[in-house]
Amino acid sequence: MSIPVVDLADFLSGDPKRKSDFVQQLGKAYEEVGFVAVKNHGIPDELIAQQYEFVQQFFSLPLEKKLHYEIPGLAGQRGYTSFGREHAKGSEAPDLKEFFQFGQMVVDGDAIKEEYPDNVKVSEVKDFNPTLVKAYQNFEKSGRSLLQAIALYLGLDEHFFDEQIHNGNSILRCIHYPPITKEPKSAIRAEQHEDINLITLLVGASADGLQILTKQNEWVGVTSLPDQIVVNVGDMLQRLTNNKLRSTTHRVVNPPREHWHTSRFSMPFFLHPRSETSLACLESCIDEKHPKAYPDATAGEYLDERLREIGLKK
Ligand SMILES: O=C(O)CCC(=O)C(=O)O
Ligand SMILES: [Fe+2]
């Protein structure tokens, strides 16, 4: 299915009409579909290509080397998480994936640094960490622009989210779905779920498989052109907007049998605010037809609850 396509260059053009058209297109797409493809997203192609290359090198290391980077007690939030550990909320069978997570680097003296575990340094793949740092910063920048557009759509100040995401708890997740060697029991590459965070930026995955559940309750495949990234609403933004913007259910299905021998790689960037940020439903999104649907919570409290539900936190 082709999801709506928006052009971030319109938002950044300085032309008030192009900017406000972008805001309306993005907001409408998030009310209706929850997913958009973004062109002119600002993340350099060479950087994405490099990141893919290093990520493939990392996952092709022998398991005992990768296990060095799986750090107990971090709930998978930094470093390596081995195959079969994470399951979707409400699902028993683990997903068919392994992944590596990279988090915020605080360099401006902000005391929030104490909240974050250090990133895990991979020594076997030269330039792995510096490349993830660059990618992380680029995703943050594009994500900030998209949230500025969302703020305007919601009638908020354009910079409403800027402070909330400054040194926020965002995660860059590099995923490997290995080749499938035997009939999977009930598991698929990634079982249906909604993302936890505000928005997710996903660069072109290396193979088909991503599907979204439409309002008509049908699973449809999502494909984006190589020069686009897919950006979807997560549960934190759905919650903040009292269900005005949709955190659409999605999954990654197994390939047809003739492609079982192939790996799939993908790199979602989960944009999170600072943990103290309130996710209380915005007053402007509450009315008689839309009574307040969620109790107040901070982003930190909510994340904690969700990490327990998916088996990453005990
Ligand atoms: O691999 C993908 O294309 C999507 C992964 C995903 O939805 C997730 O990790 O939350
Ligand atoms: Fe997801």
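Modeller: Phenylalanine 35 stands opposite asparagine 232, a residue of strand β10. Keep in mind that this model is predicted. The pair belongs to a longer contact. Strand β10 covers residues 228–233, and five bridges join β10 to β2. These two strands run antiparallel.

Now follow β2 itself. Strand β2 spans residues 35–39. It is mostly covered, with four of its five residues buried. Here "buried" has a cut-off: 20 or more other C-beta atoms lie within 10 Å of the residue's own.

Strand β2 also pairs with β1, which is made of residues 5–7. This time the sense is parallel, and the pairing has three bridges. With β10, the strands are antiparallel. With β1, they are parallel.

Next, turn to another sheet of the model. Four strands make up an open sheet, in the order β6-β11-β8-β9. Its pairing is antiparallel. The edges are β6, residues 190–193, and β9, residues 219–221. Each edge strand pairs on one side only. From one strand to the next, the twist averages 20 degrees.

Strand β8, residues 210–213, is joined to β9 by three bridges. The two run antiparallel. Glutamine 211 has its bridge partner in β9: glycine 221.

Notes
Residues numbered from 1 in each chain as written. Chains lettered and ligands numbered in written order. Predicted model: local features only at pLDDT ≥ 70, side-chain atom pairs only at ≥ 80, totals over all residues. Pairing = 2+ DSSP bridges. Axes fitted to C-alpha atoms, helices over the stretch in contact; angles between N-to-C directions. Buried ≥ 20, exposed ≤ 12 C-beta atoms within 10 Å, placed from the backbone.
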